[in-house]
Every structure is written in structure tokens, then in C-alpha cells.
Amino acid sequence: GVYRAHVVGIIGPFDLIISTDGGDDIIIEAPFDGFDWYTVKADIDDQTQAIMDINIRNQEIDNDIKMKGSGFYNEGTIELKYSINFGSKVTNFTIVGTKF
């Protein structure tokens, strides 16, 4: 689906895009650092519950750039809290989005 989203304190709005990747995995596309678009894979838990947990396992999203985090989905709203490791610098971010 498509969500109207913001990286809290940096940019917005923009369209955050989520697609399925089989099983309980999803692919999320967004400007996670507020500037460059990246694609990450995430795991969805509690799919039969009102609030679904989202887990972004540690993964390389670009050369020497790694990301990990977690979040939730509830009634058309998604929130992700994550860290991006830019080599020697780690920065924390939050994305909040609402489904169109």
C-alpha cells in the first residue's frame, strides 16, 4: 500500500510504499534518512491482531550503510523507529505514516 508519511523533524510529506515479499515479510521504500530513497525488508508479526509488530532486521541498505529498527501498524497508521549506521556515525529516526 501507499502511505502519506513524514520522517519526524526532517521531511514530509512523501509517499512511503509497502509491498509484500511472501510469507510475513514486506518491502518498504522510503527516504529513511530524509534525503535518499532506500529499500528495506521487514518482518510482520501478530498479523491477526489489531496491532501488528514490524521488525527491520539489521541489513545493508547501501555501501557501508546499515539499518535496523522496529515499529507497528494499527488501523491504517504505521510508525517505524530505526537507526542508520553511516560507517562510524549512528543516527536515530522515526517515520510516521497514514494509509491513503
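1. Let's start with strand 2 (residues 11–20) and strand 3 (residues 25–30), which run antiparallel and are joined by four bridges. Strands here are DSSP runs of E with at least two residues, numbered from the N terminus, and two strands pair if DSSP finds at least two bridges between them. Please keep in mind that this is a predicted model: local features need pLDDT of at least 70, side-chain atom pairs count only at pLDDT 80 or more, and totals for chains, interfaces and linings use all residues. Residues are numbered from 1 along each chain as its sequence is written, and side-chain values use heavy atoms, with hydrogens and water left out.

2. Strand 2 and strand 3 make a hairpin with four residues between them. In the turn, glycine 22 has a positive phi of about 90 degrees. Opposite threonine 20 you will find isoleucine 26 of strand 3.

3. Strand 3 also has a partner in strand 4 (residues 38–45): six bridges join the two, and they run antiparallel. Isoleucine 27 has lysine 41 in strand 4 as its bridge partner. As a general point, side chains in a regular strand alternate between the two faces of the sheet.

4. Next come the salt bridges, each being a side-chain nitrogen of Lys or Arg within 4 Å of a carboxyl oxygen of Asp or Glu. The count by this rule is three. One of them brings together the side chains of aspartate 15 and arginine 4, at 3.4 Å from N to O. Because aspartate 15 sits in strand 2 and arginine 4 in strand 1 (residues 2–7), the pair ties together parts that are 11 residues apart in sequence. Aspartate 15 is partly exposed at 31% relative accessibility, and arginine 4 is partly exposed at 36%. On this scale, buried means under 20% relative accessible area, exposed means over 50%, and partly exposed lies in between (1.4 Å probe, protein chains only).

5. Arginine 57 and aspartate 25 form another salt bridge, with their closest N and O atoms 3.6 Å apart. This pair links distant parts of the chain, as arginine 57 is in strand 5 and aspartate 25 in strand 3, 32 residues apart.

6. Glutamate 79 is partly exposed at 21% relative accessible area, and lysine 81 is partly exposed at 47%.

7. Turn the model and look for a nonpolar surface patch of about 400 Å², made by Val2, Ile17, Trp37 and Phe100. Patches use residues with over 30% relative accessible area and no salt bridge, joining like charges within 9 Å and nonpolar side chains (Val, Leu, Ile, Met, Phe, Trp, Tyr) within 5 Å. Accessible areas come from the Shrake-Rupley method with a 1.4 Å probe, and for residues only the protein chains shown count as cover. Tryptophan 37 lies in the loop between strand 3 and strand 4 and is partly exposed, with a relative accessible area of 47%.

8. Which residues form the negative surface patch? They are Asp24, Asp45, Asp46 and Asp53. Asp and Glu count as negative and Lys and Arg as positive, while His and the chain ends are not counted; a charge is placed at NZ of Lys, CZ of Arg, CG of Asp or CD of Glu. Aspartate 45 belongs to strand 4 and is partly exposed at 32% relative accessibility.
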